[in-house]
Amino acid sequence: MADSESQAQGPPLEGLRILDLTQGVAGPYATKLYADYGADVIKIERPDGGDPARRIGPFPNDEPHPERGGVFLHINTGKRSVTLNLKTASGQGILQRLAASADLVFESFRPGALERLGLDAERLAALRPQASLIRISNFGQYGPYRDFEADDMLLYATGGVLQITGVPEREPIKIGLYAPLFLAGAVAAAMSFGALLAADRDGAGQTVDVSIQDVLSASMDRGGPNLVAWQYSGSLMHLRMRELRRNAIPRGVYPCQDGYVFVNGALQWFDRFCRMIGHPELIDDEETLARLEHIEHGGDLDALLYPWLLERTKQQVMEEAQEVGLPVGAINSMADVFADPHLREREFITTIEHPEAGAFEFPGLPIRMHGTPGALRRAPLLGEHTSEVLTSELGYTPEDVVILRQRNIV
């Protein structure tokens, strides 16, 4: 182990307190990023089932179980779970006491719901002036769409992104697996640091209004660039760039022995391409050079590329291309990602032992801080830390907690 790693200090966000009132995907992913880097994240869940994400698959052996949902286990690592019935006055009172020690409060209720629970921005400011409220919702806290229902596909649609997925002449194609929600969660996590800095500077917390539609419309994930392209030219970037190939140099998805690779060829890399496929004599061939800028001659180079590709695996293609400086990437399946030697070397794939789900490998930390590393810790069981938090931090006795459970408050 390197000296810098052996002398590592505590995680970078140690000492930061997050009160997590979110559920689903976007909010929990934002607070997961804080928890993985050392923040104390207290996740508030309903006593009657908890976060609905607990019931989202996949499940081990395809057997549904509220403590084994793969999505929940991934996006709630490192948190403490406290059950709390926020429909009761006692539950709301406990919530306010927990908020009084928080640096950030994340919530993803329907707009207006938090106010009905007695913890709006004004109340939070009275409880803890330097705490910031991070509000994540589909369309923001105000505007004509404020109360609209939405899922990930509807948000992609209203953000202008769904229109530009798939083949231009066909209907749009959905991008799968909660992509806009993860993006919104990451943006919320990053930008809430601005609220922390402002609170440290001014002594007063901020209210951060995160609209997922806004995030997608402004994002470099197709939304933002296409808004600019439409404003400037009246056409979309994906239509102006629909032909991946700009000249005779191969560019795009190509088959190989065990799958596909993406070849990113360009005129300035023609010499590298020739060396890659074993035809260096073409580098200075005048007849070939005269045809390079004409896309109709692409078939001539494809005829040399295909046999070379079909003799190699995608990993071999990528490694040999990179050796000569040509940007070629293997199009990995999920099995390939988990077996990827680079990710394994970086210890990105992390095994987590969970008392209900067992031992499974999960995606690890996206950013490495060698002086103050984070750590991936398992997701909590429903209400696992209720008694711990109430007794050690709020002064309740174990007998008090039993009574609260009997009264359906926790």
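At what angle do the axes of helix α2 and helix α8 cross? Let's start there.

This is a predicted model, where local features need pLDDT of at least 70, side-chain atom pairs count only at pLDDT 80 or more, and totals for chains, interfaces and linings use all residues. Residues are numbered from 1 along each chain as its sequence is written, and side-chain values use heavy atoms, with hydrogens and water left out.

Now the helices. The axes of α2 (residues 26–36) and α8 (residues 179–202) cross at roughly 50° and come within 7 Å. Helices here are DSSP runs of H or I, at least four residues, and strands are runs of E, at least two, numbered from the N terminus. Axes are lines fitted to C-alpha atoms, for helices over the stretch in contact, with angles from 0 to 180 degrees between N-to-C directions. So α2 is oblique to α8. Oblique is what remains after under 35 degrees (roughly parallel), over 145 (roughly antiparallel) and 65 to 115 (roughly perpendicular).

Who makes the contact, meaning heavy atoms within 4.5 Å? On α2, Ala-26, Tyr-29, Ala-30, Leu-33 and Tyr-34 take part. On α8, the residues include Phe-182, Gly-185, Ser-192 and Leu-196. The contact has 13 nonpolar residues, two polar and no charged. Nonpolar covers Ala, Val, Leu, Ile, Met, Phe, Trp, Tyr, Cys and Pro; charged covers Asp, Glu, Lys and Arg; the others, Gly among them, are polar.

Next, charges. Side chains of opposite charge can pair when their charged atoms come close. The structure holds 26 salt bridges, each a side-chain nitrogen of Lys or Arg within 4 Å of a carboxyl oxygen of Asp or Glu.

Take Glu-393 and Arg-17, at 2.9 Å, N to O. Glu-393 lies in helix α18 (residues 386–393) and Arg-17 in strand β1 (residues 17–21), so this pair ties together parts 376 residues apart in sequence. Arg-17 is buried at 15% relative accessible area; Glu-393 is partly exposed at 32%. Buried means under 20%, exposed over 50%, partly exposed in between, with a 1.4 Å probe and protein chains only.

Arg-80 sits in strand β3 (residues 80–83) and Glu-388 in helix α18, 308 residues apart. Arg-80 is buried at 14%, while Glu-388 is partly exposed at 37%.

Glu-311 is exposed at 57%, and Arg-312 is buried at 17%.

One last point. Shared partners join Arg-17, Asp-40, Arg-80, Glu-388 and Glu-393 into one network of salt bridges.

Key: Contact = heavy atoms within 4.5 Å.
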